[in-house]
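Have a look at the fold before reading on.

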Amino acid sequence: MELGPPGGAGPAEPGPRLRGLRGDDRAASAAWLSEASAGRRAPSVAAVLPAGGSGERMGVPTPKQFCPVLERPLISYTLQALERVCWIKDIVVAVTGENMEVMKGIVQRYQHKRISLVEAGVTRHRSIFNGLKALAEDQPNSKLCRPEVVIIHDAVRPFVEEDVLLKVAIAAKEHGAAGAIRPLVSTVISPSADGCLDHSLERTSHRASEMPQAFLFDVIYEAYQQCSDYDLEFGTECLQLALKYCHTKAKLVEGSPDLWKVTYKRDLYAAESIIKERISQQICILMDAKEDEEHVGRCLEEMLKKELNHVKVTSGALCHAGRDLQQIILEQCYNFVCVNVMTSDFEETRKLLNALEESNLSILYPVVVISVHFLDYKLVPFGQKMEHLMQIKEFAKEVKKRNILLCGLLIYYPQLWRQDMRTLEVRVYVRPHTTQPAYCC
Ligand SMILES: Nc1ccn([C@@H]2O[C@H](COP(=O)(O)OP(=O)(O)OP(=O)(O)O)[C@@H](O)[C@H]2O)c(=O)n1
Ligand SMILES: O=P(O)(O)OC[C@@H](O)[C@@H](O)[C@@H](O)CO
């Protein structure tokens with residue numbers, strides 16, 4: 001079993017982040033995190049991701065966890081989802097020896113943090129067990145701490161949100177084990193030996209066991225240590241191991257429809273559609289820290305928040321915002337508004353375009369950049385400005401080769417308006433089913 005280089009301690013983002021949580025989940029998360037801030041020992045949480053399968057049902061040579069979705073390996077989306085959760089301290093991924101270098105390359109290329117790699121086993125349960133052993137602190141050279149709670153999540157379930165992770169972790173702390181469930185889509189039947197129907201299960205009184213699942217580490221580690229070879233070989237349910245070997249009845253937590261596991265090729269197409277839909281709901285507003293730009297950017301942010309799920313704002317000259325921007329690009333933002341209030345030059349937009357051209361964003365999906373310029377027509381003759389701004393056409397042609405759609409928006413305003421900057425109303429028209437918003441100020 002080989003522990004790869006830990007991906008760096010601590011959450012990818014400073015401080016507690018309650019993103020992706022709503023209502024009482026947010027309150028629960030705050031309570032969960034406040035244990036730390038209250039000076040009490042925070043409940044330490046780690047995750048184990050079994051990623052050592054061959055993906056036979058996918059029917060392609062590449063194991064499905066490494067299959068590209070928008071040119072990015074599927075497992076990277078799952079890691080990104082877990083990394084958004086600041087209270088998961090370590091993420092242990094079990095991969096086969098032959099895929100260890102591939103996995104290390106993915107961790108490096110997408111700058112995944114808090115990742116440790118262990119050797120997978122010949123079955124999913126054995127892979128999970130190897131992950132637990134790495135956390136048990138009874139391994140030589142292990143840099144990992146034994147967690148109080150461990151989350152187990154299939155590497156091929158990329159659409160996991162913080163709220164369900166929090167629910168199963170809190171439930172596991174209280175009950176010893178917890179798992180996400182979903183209503184059955186098809187009725188479960190039991191065939192007789194001669195291949196005929198023996199009986200069917202009452203669908204409404206049964207549920208599908210999904211992931212994530214969470215356990216008190218001691219419970220699930222003990223269960224795996226007691227586990228029979230038969231169960232390690234043929235078992236598919238961690239909750240059952242906790243029940244059978246530790247008499248721990250898991251708390252069942254209703255999960256969202258997006259928790260499904262990528263198993264067949266159609267699931268990969270579905271995953272790509274979901275990822276594209278999520279990309280179209282994200283936008284980043286870049287502006288310089290100048291007061292006017294700040295105000296315009298904040299106006300735009302408020303308007304866009306009514307239309308889109310994720311609106312990020314990064315201010316400060318791009319060179320300072322660079323790290324922020326890199327993180328935003330890493331999180332797969334494909335839509336940008338670059339606000340240039342008093343400067344007509346394209347320096348900021350150009351820096352953004354350079355960062356995008358050097359990024360890992362897929363060329364298969366259009367990046368939309370809207371370069372907004374506010375100019376006081378009393379200060380600057382229109383002709384001269386338009387000539388200058390027409391440069392944007394040249395930029396646009398250049399970056400189009402990389403599927404970056406660059407649009408320019410010039411807002412000419414009278415001198416008086418400058419004092420009225422505070423009253424600026426931004427009306428945003430986001431064309432449905434497109435990533436290209438149309439703006440009017
Ligand atoms: N020896 C194994 C087998 C599976 N898994 C992981 O367990 C998760 C769920 O298993 P499954 O969907 O069955 O994956 P595969 O075994 O790869 O798929 P198949 O059964 O189609 O071969 C996947 O992330 C898979 O990589 C694992 O870590 N080690
Ligand atoms: O059986 P598979 O290896 O396809 O999937 C493993 C688990 O995801 C599956 O058994 C869930 O029902 C969770 O227990």
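Strands here are DSSP runs of E with at least two residues, helices are runs of H or I with at least four, and both are numbered from the N terminus. Two strands count as paired if DSSP finds at least two bridges between them. What you're looking at is a predicted model, so local features need pLDDT of at least 70 and side-chain atom pairs count only at pLDDT 80 or more, while totals for chains, interfaces and linings use all residues. Residues are numbered from 1 along each chain as its sequence is written, with chains lettered from A and ligands numbered from 1 in the order in which they are written.

Now for the sheet. Seven strands make up an open, mixed sheet, ordered β5-β4-β1-β6-β10-β7-β11. β5 (115–119) and β11 (251–254) each have a single partner strand, so one side of each is left without a neighbour in the sheet. From one strand to the next, the twist averages 25 degrees (axes are lines fitted to C-alpha atoms, for helices over the stretch in contact, and angles run from 0 to 180 degrees between N-to-C directions).

Within the sheet, β6 (residues 149–152) and β10 (residues 207–216) run antiparallel, joined by four bridges. I152 sits opposite Q213 in β10.

Helix α3 (residues 100–109) lies across β4 (88–95) and β5, at about 175 degrees to β5. Helix α8 (residues 238–246) touches β6, β7 (177–183) and β10, and its direction makes about 60 degrees with that of β10.

Technical notes. Contact = placed C-beta atoms within 7 Å.
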